[in-house]
Amino acid sequence: MKVDGIIFDMDGTLWDSAANVAASWNAVLDKLGEVKARFTEADIKSVMGQTMDSIAARFFTEVSPKRQMEIMMECGEYENEYLSFHGGVLYPELEETLKKLAKNHKLCIVSNCQSGYIEAFLQYYGFEDYFTDILCWGDNELPKGDNIKLMIERNNLKAPVYVGDIQGDCDSTYYAGAKFIHAAYGFGHVDRCDARIEKFSDLLEVIE
């Protein structure tokens, strides 16, 4: 598959941060004491890929929509700080593969996370030099499909591909007019794709 740009999802594609996200959110919720919800690693994995406002509406039902988002933003801010010191679990051979791909392709990240989350990932592992551009829901509150389109446009990509693990990633990619590679080792299943990888390093065989 000939491409000039590879756009990555974060969770379930580049790393698994679910355990540390749960720990950080629970620390904030314990301090605030306003809602009953507490999160397990499995809970976090079940909502990975959703926007922060939808997660807040689902779990913080005891408070107003305005307060739901205030709590969610506080969770997100501490999550960024926590992950910048504790990281997550990288998928095998991730850095070696990124280093090789970055030689001939623009590498980007588009995620439905809060602002600062991608930066925490890059900072903790020192991956800043591998990526050309990053964009997330927290930057502009746009759906992932629109942000993939924006990423393609602002980097002048002519043959882009998006790598993600769940159906939402798949739908967003085709909406944006890109090809989709399913990270089958991640958190979900999809109903269609242009290629499938069973491990991250398989990208080296799929991408020319």
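Select strand S4 (residues 106–111) and strand S5 (133–136): four bridges join these two parallel strands. Helices (H or I, at least four residues) and strands (E, at least two) are DSSP runs, numbered from the N terminus. Two strands pair if DSSP finds at least two bridges between them. This is a predicted model, in which local features need pLDDT of at least 70 and side-chain atom pairs count only at pLDDT 80 or more, while totals for chains, interfaces and linings use all residues. Residues are numbered from 1 along each chain as its sequence is written, and side-chain values use heavy atoms, leaving out hydrogens and water.

Stay on this pair and click Ser 111. Its bridge partner in S5 is Cys 136. Contact means heavy atoms within 4.5 Å. Axes are lines fitted to C-alpha atoms, for helices over the stretch in contact, and angles run from 0 to 180 degrees between N-to-C directions.

The order is S5-S4-S1-S6-S7-S8, with parallel pairing. Strands S5 (133–136) and S8 (195–197) are at the edges; each has a single partner strand, so one side of each lacks a neighbour in the sheet. From one strand to the next, the twist averages 25°.

Next, select S6 (160–164) and S7 (179–183). They pair in the parallel sense over four bridges. Find Gly 164: it stands opposite His 182 in S7. Then show helix H9 (residues 167–176), which lies across S6 and S7 and runs at about 165° to S7. Is S7 enclosed or open? Four of its five residues are buried, so S7 is largely enclosed by the rest of the structure. Buried means under 20% relative accessible area, exposed over 50%, and partly exposed in between (1.4 Å probe, protein chains only).

**Helix H4 and its partners**

Select helix H4 (residues 65–86).

The crossing of H4 and H6 is right-handed; a crossing is left-handed if the near helix is turned anticlockwise from the far one by less than a right angle, and right-handed if clockwise. On the H4 side, the contact includes Glu 79, Leu 83 and Phe 85. On the H6 side, look for Tyr 117, Ala 120, Gln 123 and Tyr 124. The contact divides into five nonpolar, four polar and one charged residues. Here Ala, Val, Leu, Ile, Met, Phe, Trp, Tyr, Cys and Pro count as nonpolar, Asp, Glu, Lys and Arg as charged, and the others, Gly among them, as polar.

The contact of H1 with H4 has 13 nonpolar, three polar and four charged residues.

Finish with helix H3 (residues 52–59). The axes of H3 and H4 come within 9 Å and cross at roughly 115°. H3 passes H4 in a right-handed crossing. Met 52, Asp 53, Ile 55, Ala 56 and Ala 57 of H3 touch Gln 68, Met 69, Met 72 and Gly 76 of H4.
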